[in-house]
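User: Hi! I would like to learn how to read the features of a model like this one. Could we go through them together?

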Amino acid sequence: HLRDMISPVAKASVQPVVDAIAARDARGFLRAMGRIRDTHPQDSPMLVATWVGNAAVRWLHAAALKGLHASEEDLASVLGVHVFVYRKTIAPVLTRWSARDLKILLTRTARVTRAVRQGSIDPWTQLEVQYLRLLKA
């Protein structure tokens, strides 16, 4: 069962969606979503929401710690990543996203997850609209 979930993730390549959201790049987000939608139209909304949610939790955690004026080394240590990884992947997100916006991102991710689990008619549209509204803000 787990193997069935991992395979679509690898094929769908969700990371470009996460990267586009991290960069607040609406155009890149739509391109990445289009690629996923063409390849795996069935299970991907939940997978995208899961990946975005996991990344957003990490970013929000970093934003909260940064608010305590911790050093980059301390932040990286608490987050369980190397300082280089923190500087290259997490720190740039914190310059584009406020803690408030990250909370909104998590709320919208939860809405999408709920819509998929409740059998919404078109979770793809909900996913795209929820994220685009925030990316355009």
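Predicted model: local features only at pLDDT ≥ 70, side-chain atom pairs only at ≥ 80, totals over all residues.

User: Let me begin with open space: how much space lies in the largest pocket?

Analyst: Rolling a probe the size of a water molecule over the atoms shows where empty space is left. Here the largest pocket holds about 270 Å³ of space. A pocket is an open set of points on a 1 Å grid over the protein atoms alone, where a 1.4 Å probe fits, with protein on both sides within 12 Å along at least five of seven lines. The grid points are joined across faces, edges and corners, and the volume is the space filled by probe spheres set on the points. Residues are numbered from 1 along each chain as its sequence is written, and side-chain values use heavy atoms, leaving out hydrogens and water.

User: Which residues line the largest pocket?

Analyst: A lining residue has an atom within 4 Å of a pocket point. The lining consists of Gln 15, Val 18, Asp 19, Ala 22, Trp 51, Asn 54, Ala 55, Arg 58, Trp 59, Thr 89, Ile 90 and Val 93. By class, seven are nonpolar, three polar and two charged. In this scheme Ala, Val, Leu, Ile, Met, Phe, Trp, Tyr, Cys and Pro count as nonpolar, Asp, Glu, Lys and Arg as charged, and the others, Gly among them, as polar.

User: Which helices supply at least two residues of that lining each?

Analyst: They are α2 (15-22), α4 (44-66) and α6 (83-96). The largest share, five residues, comes from α4. Helices (H or I, at least four residues) and strands (E, at least two) are DSSP runs, numbered from the N terminus. The chain has eight helices and zero strands.

User: Where in the chain is confidence lowest, and where is it highest?

Analyst: The guide here is pLDDT, the predictor's confidence in each residue, from 0 to 100. Its mean over the chain is 88, and 89% of the residues reach 70 or more. Helix α1 (residues 2-12) has the lowest confidence, at a mean of 52, and α2 has the highest, at 96.

User: On to aromatic rings: how many aromatic pairs does a search of the whole structure find?

Analyst: A pair of aromatic rings is described by the distance of the centres and the angle of the planes. Rings of Phe, Tyr and Trp (its six-membered ring) pair if their centres lie within 6.5 Å; planes under 30 degrees apart count as stacked, over 60 as edge-to-face and the rest as tilted. The search of the whole structure finds one aromatic pair. Phe 29 and Tyr 131 form this edge-to-face pair, with 6.0 Å centre to centre and 85 degrees between the planes. The pair links distant parts of the chain, with Phe 29 in helix α3 (residues 26-39) and Tyr 131 in helix α8 (residues 123-136), 102 residues apart.

User: Are Phe 29 and Tyr 131 buried or exposed?

Analyst: Both Phe 29 and Tyr 131 are buried. Buried means under 20% relative accessible area, exposed over 50% and partly exposed in between (1.4 Å probe, protein chains only). Buried residues make up 44% of the 137 residues in the chain. Also in α8 is Gln 130, which is buried with a relative accessible area of 13%. The C-alpha atoms of Gln 130 and Leu 105 are separated by 8.4 Å, although these residues are 25 apart along the chain.

User: The charged end of which residue sits over the ring of Trp 97?

Analyst: That is Arg 24, whose charged end is 3.9 Å from the ring centre. The test asks for NZ of Lys or CZ of Arg within 6 Å of the ring centre and within 35 degrees of the ring normal. Arg 24 lies in the loop between α2 and α3 and counts as buried because its relative accessible area is 19%.

User: What is phi of Arg 24?

Analyst: Most residues other than glycine have a negative phi, and most peptide bonds are trans. Arg 24 has a positive phi, near 55 degrees. His 69 also is not a glycine and has a positive phi, of about 60 degrees. His 69 lies in the loop between α4 and α5, and it counts as exposed because its relative accessibility is 74%.
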